[in-house]
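Hello,

Here is the structure we talked about handing over. My notes on what was found in it follow below.

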Amino acid sequence: MNCQLCGQDYLPSWTLSNVWTRQTLCPTCKIEFVKRGECGECEDCGKPGTLLCSDCQNWRNKGQQLVTHPLFLYQTQAKAFMKRYKFLGDTALLDVFKTELKKVKVKQDWIVPIPLSPARLRERRFNQAELMARMMRGRVRLVLERTDGVAFSHLTRHDRLERDNPYHVIQPVTGKTILLVDDVYTTGITLHQAASRLYEAGAKEISAVTLFRSV
């Protein structure tokens, strides 16, 4: 069969642990996904090379600590994956991370994916974070909405920091322990703004999981 990232023909390796998993990547591509924890990392966001990065120190100084658990680092193959999955709509590729997503064990009452704006959802026709959340073990609740506006991926770091909070809570969350889910952690603005709205609405405790952590 052909690898969906590089196109190379390869022979799948079947074991008891993956016999029911749809294999989409060749061994060469799959091994290039670097898992978090394989090098020193920030204890709050998983950024490699530091025990506490300057961004997370700033968040802590503002009283907005958010522990985020990225599964992999956002390197070359991860970027190729996201191009196919997020921007070209090849949602079947997410199956390659199904096992890792199901293994996530973080205290939570609800799993809450980061929402897209209505305009972006109409354009893309799926929410990449919601598909991830539904592969995880737990109760998925769509308790956040996002107003229309320029996507964070199109903004500079400065503009992201200056942008008004676009998220709104649309269901009661009082007393709930919530696990936020997003695709890529870059500056942390998205997750921190979503967490801020949830805390304002009465959420008890919030943490986060992302598929990738930007390096």
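A residue is called exposed here when its relative accessible area is over 50%, buried when that area is under 20%, and partly exposed in between. Lysine 107 has a relative accessibility of 56%, so it counts as exposed. Please keep in mind that this is a predicted model.

Lysine 107

This residue sits in the loop that runs between α4 and β2. Its side chain makes a salt bridge with glutamate 205, and the closest N and O atoms of the pair are 3.7 Å apart. The two partners come from distant parts of the chain: lysine 107 belongs to the loop between α4 (98-102) and β2, glutamate 205 to strand β6, and 98 residues separate them. Glutamate 205 is partly exposed, at a relative accessible area of 36%. Which residues does lysine 107 contact, once neighbours within four places in sequence are left aside? They are Thr177, Glu205 and Ser207. There is also a C-alpha separation of 9.9 Å between lysine 107 and glycine 138, which are 31 residues apart along the chain.

The sheet

Four strands make up an open sheet, in the order β1-β6-β5-β2, with parallel pairing. At its edges are β1 (68-74) and β2 (110-113), each of which pairs on one side only. From one strand to the next the twist averages 15°. As background, strands of a sheet pair through backbone hydrogen bonds, in either a parallel or an antiparallel manner.

Within this sheet, β5 (residues 177-185) and β6 (residues 205-214) are joined in the parallel sense by eight bridges. Helix α8, residues 189-200, lies across β1, β5 and β6, and it runs at about 160° to β5.

Other salt bridges

How many salt bridges does a search of the whole structure find? The count is eight. In general, side chains of opposite charge can pair when their charged atoms come close.

Aspartate 44 has a relative accessible area of 2%, so it is buried. Arginine 60, at 29% relative accessibility, counts as partly exposed. The pair also belongs to a network of salt bridges that links Glu43, Asp44 and Arg60.

Aspartate 90 and arginine 84 make another salt bridge, at 2.8 Å from N to O. Aspartate 90 counts as buried because its relative accessibility is 18%, whereas arginine 84, at 25%, counts as partly exposed.

Nonpolar cores

The largest nonpolar core contains 33 residues, and those with the most contacts inside it are Phe33, Phe81, Phe97, Leu211 and Phe212. At least two residues of this core come from each of β1, α3 (76-87), α6 (128-133), β5 and β6. Helix α3 supplies the largest share, four residues. With neighbours within four places in sequence set aside, phenylalanine 97 is in contact with Phe33, Phe72, Phe81, Leu211 and Phe212. A second, separate core has 22 residues, among them Cys56, Leu66, Tyr185 and Leu191.

Asparagine 165

Where is asparagine 165 found? It is in the loop between α7 (157-162) and β4 (167-169). A polar atom of the asparagine 165 side chain lies 3.0 Å from the backbone nitrogen of tyrosine 167. The side chain of asparagine 165 also reaches the backbone oxygen of glutamine 193, again at 3.0 Å. Not counting residues up to four places away in sequence, asparagine 165 touches Gln193, Ser196 and Arg197.

Regards

Terms used: Residues are numbered from 1 along each chain as its sequence is written. This is a predicted model: local features need pLDDT of at least 70, side-chain atom pairs count only at pLDDT 80 or more; totals for chains, interfaces and linings use all residues. Side-chain values use heavy atoms; hydrogens and water are left out. Two strands pair if DSSP finds at least two bridges between them. Axes are lines fitted to C-alpha atoms, for helices over the stretch in contact, and angles run from 0 to 180 degrees between N-to-C directions. Contact means heavy atoms within 4.5 Å. A salt bridge is a side-chain nitrogen of Lys or Arg within 4 Å of a carboxyl oxygen of Asp or Glu. Buried means under 20% relative accessible area, exposed over 50%, partly exposed in between (1.4 Å probe, protein chains only). A nonpolar core is a set of buried Ala, Val, Leu, Ile, Met, Phe, Trp, Tyr and Cys residues joined through side-chain atoms within 4.5 Å. A polar contact is a pair of N or O atoms within 3.5 Å; within protein, one must be able to donate a hydrogen and the other to accept it, and residues adjacent in sequence count only if both atoms are side-chain atoms.
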